[in-house]
Amino acid sequence: VNAFLNRHARVLIPTVALVVLLGTFLSIHPRGASTYVLTIWANQGTLLGLAAIAQFFVVLVRGVDLSVGSVVALTNVVASYLLIGSTGEIAFGIIAVLAIGMLCGFINGAAVVYGRIQPIVATLASGSVFSGIALLLRPTPGGSVDEALSDALTYDIGGVPTSAILLVIVLFLVALPLRKSRLGLSMYAVGSAEPAAYMTGIRVNAVKLSAYTAGGFFGAMTGLAVSMVTLTGDAAVGPSYTLNSIAAVVLGGVALSGGVGGPLGAVIGALVLKTVSSLIFFSGLPPLAQPFFEGAILAAAIGLGAMSVFRVSSKLDLFGR
Amino acid sequence: MTRIETKDRPRRHPILSRIDGSVALVAVGCVLLVLGGALIYPSFLTANYLLQQLQMAAFLGVIATGAMLVILLGEIDLSVPWTITGTAIVATQIAGHPDPFVASLAIPLGLATGAVIGLVNGLGVALFRIPAMVWTLAVNAMLLGVAVFYTGGFKPQGVVPPLASTAALGRTLGIPNAFLVWLAIGLLTIWMLKRTVFGSYIYAMGNSQRALFMAGARVRRVTVATFMIAGMLSSLGALLLTGYANQAYQGMGDPYLMPVIAAVVIGGTSILGGSGSYLGTAAGAIFITLLSSILSVLQMQDAVRQIIFGLIIAGMLLVHRFQRKGQ
């Protein structure tokens with residue numbers, strides 16, 4: 001049991017935190033653990049959870065994506081033009097939105113792999129371009145999305161929130177190939193030791209490009225989910241997703257130095273963040289004090305994750321590189 | 001990786017060869033921007049317009065100085081936006097205090113605000129080894145919370161310290177005071193980076209913390225001190241901005257985060273730390289200021305400005321890359 005705990009501590013600690021936080025939230029919420037409350041919670045959590053998966057792929061190969069929010073905004077805006085009309089048109093729209101997201105991710109990857117620009121600045125620049133395009137397409141929030149589709153995805157099936165079911169399915173579809181397929185394992189290899197991965201014959205460039213493209217794909221999934229929840233396109237939804245997705249992956253035990261962690265951790269980190277803000281909203285704290293407590297809890301959670309520094313055996317291990 | 005220097009390299013001009021290629025590139029970019037702007041609006045080439053640009057660049061430049069020091073360490077400070085706003089609120093509140101003695105402390109206490117924020121940043125990064133990118137982000141979120149709680153979300157009332165107004169708006173012998181402040185900060189920074197042990201530590205940290213630790217340096221103190229200096233420089237920039245805007249307001253620091261980082265990396269400082277020159281950062285700050293000035297004079301929509309901004313930053317970074325490859 002001990003070995004199991006040690007091996008999975010990175011995911012178990014945030015999971016325990018999530019259970020405690022969610023329990024507290026449901027117990028103080030005036031409507032308790034009803035389908036209504038859980039559905040809203042799951043819808044909100046899915047948005048950040050998908051964004052966290054987007055961030056996870058890039059962080060896995062030792063990058064960081066500051067354009068996640070911009071991709072979410074751009075795809076959300078495009079969706080508000082395309083996700084309306086006949087079933088065929090909507091299907092085409094979804095494919096187009098996902099393709100745009102993948103293109104954005106591919107551009108990021110190309111700038112990092114071929115342009116040899118550091119990920120943090122490459123995505124800073126590309127994010128500026130993406131959100132500029134989004135703003136150009138929709139200077140003010142507007143547009144509309146097929147309501148039947150939105151209803152189908154944002155309510156519940158037999159009392160279980162649909163978005164939660166979808167998130168679990170997505171997690172399975174992501175987590176299994178990551179651990180079982182050649183490409184998934186190559187991503188871990190590239191993230192942990194790029195030169196070694198190269199020496200083993202892994203096509204490092206192709207793997208990195210795939211990871212960034214996958215990041216773009218999940219950015220677009222987030223954009224679609226935002227459209228489903230808000231029913232409009234808004235070019236200004238982005239910024240909070242970028243920073244919160246980074247915080248989410250770190251909370252979920254994904255190392256910013258690459259190669260460590262899984263999509264499950266990233267999603268749990270995102271759910272912890274969302275639960276904290278819902279919890280504070282219903283906590284009875286004065287509204288003006290709420291932003292501070294949100295920040296403080298975020299800081300405390302990140303600080304807890306850093307507790308490993310008190311267990312190092314050699315002081316040298318404290319210093320990277 | 002080591003590179004073998006070829007000995008039969010063509011001789012270059014002794015002064016020219018001392019100037020970093022990336023600095024030259026940004027300087028050329030600045031000249032092109034001014035000339036391009038002059039084609040559209042002839043008044044771009046007047047001394048008054050250019051001095052005004054230097055004044056605006058000074059605000060960005062002072063803040064970018066702090067950001068550069070942190071980036072040289074191989075860390076990053078994302079708490080800049082609310083360090084700026086927080087300092088502005090503290091300074092205007094204290095300057096508005098009825099007791100003239102307390103009011104006169106507005107500027108020192110404003111700078112102290114930045115130092116304390118830098119201390120918190122530095123302790124989290126150095127002592128707890130939390131990645132700077134998330135820790136400073138959390139600190140930024142807490143600062144926002146404190147500011148909202150204190151002001152009730154309204155525009156903070158208060159008085160702008162007179163010295164801040166003079167420094168931001170006044171001119172001495174025709175030269176904007178803000179630029180003179182920046183010049184002084186810049187010279188001090190160059191001296192610190194080139195002539196002091198602390199400066200060498202900063203560069204060494206960015207290259208290898210382990211090696212510096214093995215060499216016996218107090219690595220964690222260097223990190224904390226650098227974050228504190230960076231916080232104070234953000235506060236100094238905030239005081240200038242407060243003087244310039246003649247008020248403190250919510251979110252006044254938000255538009256500065258990205259341009260500050262852009263100015264540092266465009267100037268050739270590696271985002272991984274360990275290499276970069278101050279002249280590059282200064283040129284980067286002027287470049288960003290000129291670029292946004294021209295884009296606003298052209299009355300571009302905000303959307304188009306963002307796109308051009310991103311493309312030019314990416315373009316500059318690509319050119320840097322190819323320059324370095326060519327070496």
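I began with B:Thr189, which is buried at a relative accessible area of 6%. Buried here means under 20% relative accessible area, exposed means over 50%, and partly exposed is in between, with a 1.4 Å probe and protein chains only. The model is predicted, so I noted that local features need pLDDT of at least 70, that side-chain atom pairs count only at pLDDT 80 or more, and that totals for chains, interfaces and linings use all residues. Residues are numbered from 1 along each chain as its sequence is written, chains are lettered from A and ligands numbered from 1 in the order in which they are written, and side-chain values use heavy atoms, with hydrogens and water left out.

**Chain B, Thr189**

I placed B:Thr189 in helix 8 (residues 177-195) of chain B. Helices are DSSP runs of H or I with at least four residues, strands are runs of E with at least two, and both are numbered from the N terminus. Leaving aside neighbours within four places in sequence, I found B:Thr189 in contact with B:Thr65, B:Leu69 and B:Tyr278. Contact means heavy atoms within 4.5 Å.

**Chain B, helices 3 and 11**

I looked up how helix 3 (residues 80-95) of chain B packs with helix 11 (residues 219-245) of chain B: the angle is about 60° and the axes are 8 Å apart. That angle makes helix 3 of chain B oblique to helix 11 of chain B. Under 35 degrees counts as roughly parallel, over 145 as roughly antiparallel, 65 to 115 as roughly perpendicular, and the rest as oblique. The axes are lines fitted to C-alpha atoms, for helices over the stretch in contact, and angles run from 0 to 180 degrees between N-to-C directions.

From helix 3 of chain B, the residues in the contact include B:Val80, B:Ile84 and B:Ala91, and from helix 11 of chain B they include B:Gly231, B:Ala238 and B:Leu241.

**Chain B, helix 6**

I checked the length of helix 6 (residues 132-151) of chain B: at 1.5 Å a residue its 20 residues should span 28 Å, and its end C-alpha atoms are 28 Å apart, which agrees. The expected span is 1.5 Å times one less than the number of residues. Of the 20 residues of helix 6 of chain B, 15 are buried, so this helix is largely enclosed by the rest of the structure. B:Gly152 follows helix 6 of chain B and has a positive phi, near 70°.

**Chain A, two buried residues**

I found A:Ser67 in the loop between helix 2 (35-60) and helix 3 (68-82) of chain A. A:Ser67 is buried, with a relative accessible area of 0%. Not counting residues up to four places away in sequence, A:Ser67 touches A:Asn108, A:Thr123, A:Ser126, A:Gly127 and A:Phe130.

A:Phe25 lies in helix 1 (residues 2-28) of chain A and counts as buried at 4% relative accessibility. I noted that A:Phe25 and A:Ile280 are 255 residues apart in sequence but 8.6 Å apart in space, C-alpha to C-alpha.

**Chain A, positive phi**

A:Arg116 is not a glycine, yet I read a positive phi of about 55°. I placed A:Arg116 in the loop between helix 4 (87-113) and helix 5 (119-137) of chain A, partly exposed at 48% relative accessible area.
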